[in-house]
Amino acid sequence: MKKFLALVLTGMMVLSLAACGAGKDTKGSKLIKVGIINNDPNESGYRTANVNDLKATFCEANGYDASFAYSLKNDEQISYAQKFIADEVDYLLLSAAATAGWDSVLQDAKKAGIKVILFDRTIDADPSLYEASIVSDMAKEGETAVNWLASQNLDSYSIIHIQGAMGSAAQIGRSGALDAKVAAEANWNIVKQQTAEWNAETAQQIVQSVIDAGESFNVIYAENDDMAKGAVAALDKANISHGVNGDVIVMGYDCNKWALEELLAGKWNYDGQCNPFQSSYINDIIKKLEAGETIANKTIVMDEKGFDASTITQDDVNNYGI
Amino acid sequence: MNRENAVLEMHGISKSFPGVKALQNVDFTLCKGEIHALMGENGAGKSTLIKVLTGVYSKDEGEILMDGFDKPVMIHSPQDAQNVGISTVYQEITLCPNLSVAENMFIGRGKEVLTDWKKMNEDAGKILESLEIPAKPTQQLSSCSIAVQQMVAIARAVDMDCKVLILDEPTSSLDDLEVAKLFKLMRDLKARGVGIIFVTHFLDQVYEVCDKITVLRDGKLVGEYTIAELPRVLLVSKMLGKDLDDLSDIRSESQEYKGDGAGKAVFEAEGLVSDAGIKPFDFYINKGEVNGFTGLLGSGRSECVRAIFGADRVLGGTVKKDGKVIKIEKPIDAMKNGIAYLPEDRKRDGIVGDLSVRDNIILALQVLKGFFKPFTKAQASKFADEYIKLLDIKTASQDTPISALSGGNQQKVILARWLLTHPEYLILDEPTRGIDVGTKIDIQKLVLKLASEGMSVTFISSETDEMLRTCSRLVVMRDRKVVGQLTGDDLNQNMIMNTIAGGEDNE
Amino acid sequence: MSKDKSNGSQFWNKIKRSQMLIPLAALLIMVIFNLIADPSFFAIKLGYSSAGYPVLSGYLMTILDCGSELAILAIGMTLVTAACGGQDISVGATIAVGGSVMLRVLCGGNSHPETMQAPIIVAFIVGALATMALGAFNGVLVAKFKIQPMVATLILFTAGRSIAAWVNNNELPIIKDVEFTYFGGFIPGIPIPTPFFIALGCGIIIFLVLKFTNLGLYTQAVGINESSSKLNGLNPDFIKFLSFVILGLCVAVAALIKVSRLSTINYSVIAKDIEMDAILAVALGGNKLSGGKFNMGASILGAYVIQFLTTTLYKFDVPSDALPAYKAIVVIALVVMSAPSVREKLQSIKKSLSSKKVSKEVA
């Protein structure tokens with residue numbers, strides 16, 4: 001029976017390997033060989049869009065021979081990196097699960113002449129170990145959103161602040177801007193500040209709890225779309241109006257397509273973009289490096305927008321929704 | 001040391017457990033180069049004596065002398081026993097199946113922290129070779145047959161310079177060929193001067209390999225004999241405690257009812273064999289007949305009735321009811337054909353501990369009735385009341401968990417469970433074990449009463465008197481084989497012992 | 001006087017013997033705590049939904065609402081625990097699969113349909129078949145291959161959420177129909193949250209099943225003594241298998257409520273860690289986690305008690321990522337209290353106390 005279990009597990013591993021290996025059989029010496037290490041595409045809608053974007057760009061038609069590896073665990077990612085180094089890829093593209101622990105493997109890559117490009121997430125390593133780092137500026141995203149909120153000119157702000165998983169870059173950046181503003185302005189108050197760990201159900205329970213307590217509020221500042229959706233579900237249940245001309249302003253992040261549609265329908269007020277489309281930036285850098293140019297500024301911050309329900313258009317939904 | 005050439009002497013060993021005197025003033029002597037059988041029925045004190053010797057239990061009284069020690073040796077733990085040269089190989093192999101043969105032979109013995117693997121394998125190879133054990137030192141133990149594993153365990157014991165080797169039921173899971181190999185090894189060791197204590201329930205094996213026999217009964221020493229002075233039948237009588245000279249029979253109360261005569265069997269079995277290791281057997285029972293299976297413990301009595309009931313996996317043979325072939329693969333098949341089975345091990349197979357007396361009583365009938373037809377609480381209560389009264393079950397209430405009852409009352413509840421199904425054929429496997437005398441007699445009376453009402457009953461008991469009192473026919477078993485059938489005037493202690501012992505006429 | 005006393009002690013004994021004692025005591029402690037800390041916890045307000053229907057709200061309503069999935073899962077988990085002496089840790093992941101399948105059926109090919117492409121009942125049945133099949137898979141591993149339940153269900157615990165994502169091609173299906181929100185919200189005109197009625201319905205069904213079939217007797221017999229059950233004509237393997245399939249059905253019902261709450265699904269976080277709460281509910285109900293006798297009512301009550309705890313903690317602003325720590329304390333307390341050595345100790349303390357009392361009275 002142990003054997004059976006082992007067999008099942010082995011079978012599953014073989015299948016998943018086969019799935020990973022699909023599309024790997026590319027030939028031709030002119031192709032640029034890239035190894036891409038990313039987080040699990042199932043992690044979130046953001047990640048799914050990110051992975052799809054990378055897959056669309058790094059294909060044979062564009063002159064790439066790309067291999068993909070996914071894991072949410074740092075040590076697994078490192079071993080993937082070692083494998084790619086052994087495979088002698090030309091470029092290693094990396095979205096690290098955690099910031100620490102990458103020095104030695106990136107040094108190996110450097111010795112092997114492999115160029116490393118970070119995307120989406122930075123790491124704690126000497127900048128000489130990588131060519132470029134393409135990131136979102138979460139703090140800037142937060143500032144854009146808070147500035148938008150301030151521009152609404154409410155008499156007073158009573159905010160339910162639903163945070164992401166504590167300690168993540170997105171949470172720190174997006175919380176920081178709001179915390180600073182609340183500390184600075186007398187008429188900005190936090191009614192409740194709780195982490196829902198990016199989880200819609202938890203967000204729903206948190207907002208439910210505030211409603212049950214009978215406290216009043218007029219802003220929901222959720223650090224991603226899922227949590228905003230959970231919060232709105234609690235509002236709907238309690239018949240509290242929200243969105244354009246509603247009692248409560250709803251703010252989310254990430255620009256999921258469905259979230260932008262909520263904006264378009266006037267049910268939410270604001271959604272901040274967290275740009276998952278890094279592939280064109282990466283492509284540009286690789287082209288420059290191949291042409292022998294050097295990258296002057298290693299950290300490249302992507303353009304990110306914030307959408308307002310009163311100005312959003314169907315085109316925006318189509319172009320920026322993920 | 002009192003006796004010349006003795007390697008081990010135990011004097012006046014006593015050991016009590018709460019409520020039981022397991023050993024009373026027992027002496028035991030083992031000589032160099034001797035294979036000494038330790039015999040006795042269950043509860044005779046064999047295993048207690050072994051455990052005292054190996055330091056698992058500490059004795060209450062008595063002393064243990066070993067060759068080479070001036071003073072009595074103190075054995076407080078298995079480690080102590082090993083240190084004075086006593087090694088034990090148990091029935092269940094206590095080695096590590098996922099380690100290599102050599103590792104198993106040396107593990108936990110070395111004082112040094114680091115192991116010299118090469119040397120260890122070489123040493124192991126030498127020992128295995130010298131004992132002609134067909135195993136490689138680097139082989140994983142689990143890839144060896146049970147017999148070879150057993151031999152590796154012995155090799156481990158021997159290499160620890162043991163003077164006394166205890167083999168506790170080593171042959172129970174071996175086939176004939178493997179037993180022969182083991183015996184050869186035992187004789188080799190004997191030639192080297194090792195004293196071997198051999199515990200087994202196979203009589204044939206005792207007479208094949210042993211030099212001496214010590215018999216225990218009810219925690220007391222019956223005597224020490226050489227093989228030559230103790231023929232089989234005498235051995236059996238010593239073990240059972242029935243004096244061969246006093247064979248006037250007690251079969252006075254036995255019923256004379258013999259059923260409706262031969263050929264009117266209700267249930268018949270032909271060539272029935274299960275995966276529990278019994279040889280194929282034939283069997284029949286008539287309407288209103290009480291028969292029994294007898295034989296020493298482990299002779300296959302229970303396994304036969306379990307095969308009839310479908311409790312073990314049936315490998316071959318046919319069962320007929322009223323002349324028609326029926327299929328019994330699972331207990332439910334047997335139950336549907338009117339067979340009920342009260343198992344030997346009440347705790348393990350009988351009671352459903354946390355459930356109430358009521359649920360325990362209705363269980364079998366409820367299963368027969370079906371999943372979608374539960375009894376109402378009123379019905380169940382009625383059944384329970386009826387049988388609590390009928391069998392005089394002493395319980396605080398119907399809702400009391402059965403585990404809170406005494407052994408005898410638990411047994412009555414299980415009996416009630418099966419009587420409630422109104423079986424045509426009731427199999428009672430050791431229904432009287434471990435219960436008080438009053439209940440024993442109640443159960444025997446009940447069996448006779450049920451038979452007179454037309455129920456067929458098989459009654460198994462290790463107490464021969466009970467069987468003689470209740471059964472009109474006895475099937476005798478030895479070494480997992482049916483070896484005879486006794487009826488009429490043959491039904492007496494003498495014949496039973498002779499048949500159990502077997503082979504006596506030829507010797 | 002003496003008669004009164006014996007009557008009283010009899011009543012006390014009955015309560016003490018009853019398994020309901022543990023969850024009731026836990027509930028009582030929390031009720032008292034909330035009464036002292038903030039009595040407004042128990043306030044129930046009548047409001048009106050956007051369509052003008054009456055709706056009750058307040059912490060107690062939230063508990064009835066959010067505890068319902070847990071109560072439904074506790075039913076199946078109790079049966080699995082009783083029959084197999086182990087727990088299914090894959091229910092959270094199988095809820096994801098069940099919910100994903102339902103949404104897939106409702107959406108048809110398109111992930112954002114304007115209307116539902118199939119009746120909800122069809123979607124539910126297909127989803128239930130999926131979760132029951134997964135339950136059957138677990139059941140076969142446990143019953144036939146004799147793998148420890150926790151180890152066997154570890155497979156789906158690990159793989160379930162990926163399967164759920166795969167069912168919908170990793171897309172995020174969204175149902176816009178209001179009708180679909182009824183299961184996790186309110187049915188127009190009825191002021192009590194629907195999940196509570198669904199849980200109530202499941203409770204009634206399991207009560208009737210236990211009353212009109214032998215499921216309870218068989219499950220307990222198999223859990224207490226498998227060998228004996230076999231000799232009484234039962235098929236322990238099938239009973240174990242059946243318990244997992246029933247749990248699969250419970251998972252489907254819970255999945256329907258979960259996806260209805262948001263009209264969408266997030267594969268990686270839906271019903272996250274719910275298996276731990278469901279197991280805790282069984283334990284809080286005073287049921288032995290090693291199998292055997294069970295009390296279904298106590299398990300269901302246990303589920304609501306856990307939600308009571310969760311809601312109380314939210315009210316007092318305990319960070320949601322710290323909730324597991326509080327639940328862990330409850331688990332530790334339960335496990336320690338039920339450990340044989342602690343029970344003996346308590347018993348001996350009680351004895352010495354009562355003997356002291358007697359000696360005092362004598363004096």
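In the predicted model, helices α8 (residues 232-240) and α17 (residues 493-501) of chain B pack with their axes 8 Å apart and at an angle of about 120°. The crossing of α8(B) and α17(B) is right-handed. On the side of α8(B), the contact is formed by B:Arg232, B:Val233, B:Val236 and B:Ser237; α17(B) contributes B:Met497, B:Asn498, B:Ile500 and B:Ala501. Classified by residue type, this contact of α8(B) with α17(B) comprises 5 nonpolar, 2 polar and 1 charged residues.

Chain C contains 15 helices and 2 strands. Along the principal axes, the C-alpha atoms of chain C occupy a box of roughly 85 × 55 × 40 Å. The radius of gyration of chain C is 22 Å, in agreement with the value near 21 Å that a compact globule of 363 residues would have. Of the 363 residues of chain C, 51% are classed as buried. Considering contacts in chain C between residues at least 6 apart in sequence, 76% link residues at least 24 apart.

Two domains are assigned in chain C, with domain 1 spanning residues 54-317 and domain 2 spanning residues 321-363. The centres of domain 1 and domain 2 of chain C, taken over C-alpha atoms, are separated by 33 Å. Each of the two domains of chain C supplies 6 residues to the contact between them. On the side of domain 1 of chain C that touches domain 2 of chain C, α12 (274-284) and α13 (296-315) of chain C each provide at least two residues. By class, that side of domain 1 of chain C consists of 5 nonpolar residues and 1 polar residue, with no charged residues.

Chain C also forms a contact with chain A, to which chain A gives 35 residues and chain C gives 36 residues. On the side of chain A that touches chain C, two or more residues come from each of the helices α1 (2-21), α2 (45-57), α7 (200-212) and α8 (225-237) of chain A, and likewise from strand β7 (188-195) of chain A. The most is given by α7(A), which supplies 9 residues to the side of chain A that touches chain C. The class composition of this side of chain A is 16 nonpolar, 13 polar and 6 charged residues.

Terms used
Residues are numbered from 1 along each chain as its sequence is written. Chains are lettered from A and ligands numbered from 1 in the order in which they are written. This is a predicted model: local features need pLDDT of at least 70, side-chain atom pairs count only at pLDDT 80 or more; totals for chains, interfaces and linings use all residues. Domain bounds come from an automatic or database domain assignment. Two residues are in contact if their C-beta atoms, placed from the backbone, lie within 7 Å. Helices (H or I, at least four residues) and strands (E, at least two) are DSSP runs, numbered from the N terminus. Ala, Val, Leu, Ile, Met, Phe, Trp, Tyr, Cys and Pro count as nonpolar, Asp, Glu, Lys and Arg as charged, and the others, Gly among them, as polar. The radius of gyration is taken over C-alpha atoms; the globule rule is 2.2 Å times the number of residues to the power 0.38. A residue is buried if 20 or more other C-beta atoms lie within 10 Å of its own, exposed if 12 or fewer, and partly exposed in between; C-beta atoms are placed from the backbone. Axes are lines fitted to C-alpha atoms, for helices over the stretch in contact, and angles run from 0 to 180 degrees between N-to-C directions. A crossing is left-handed if the near helix is turned anticlockwise from the far one by less than a right angle, and right-handed if clockwise.
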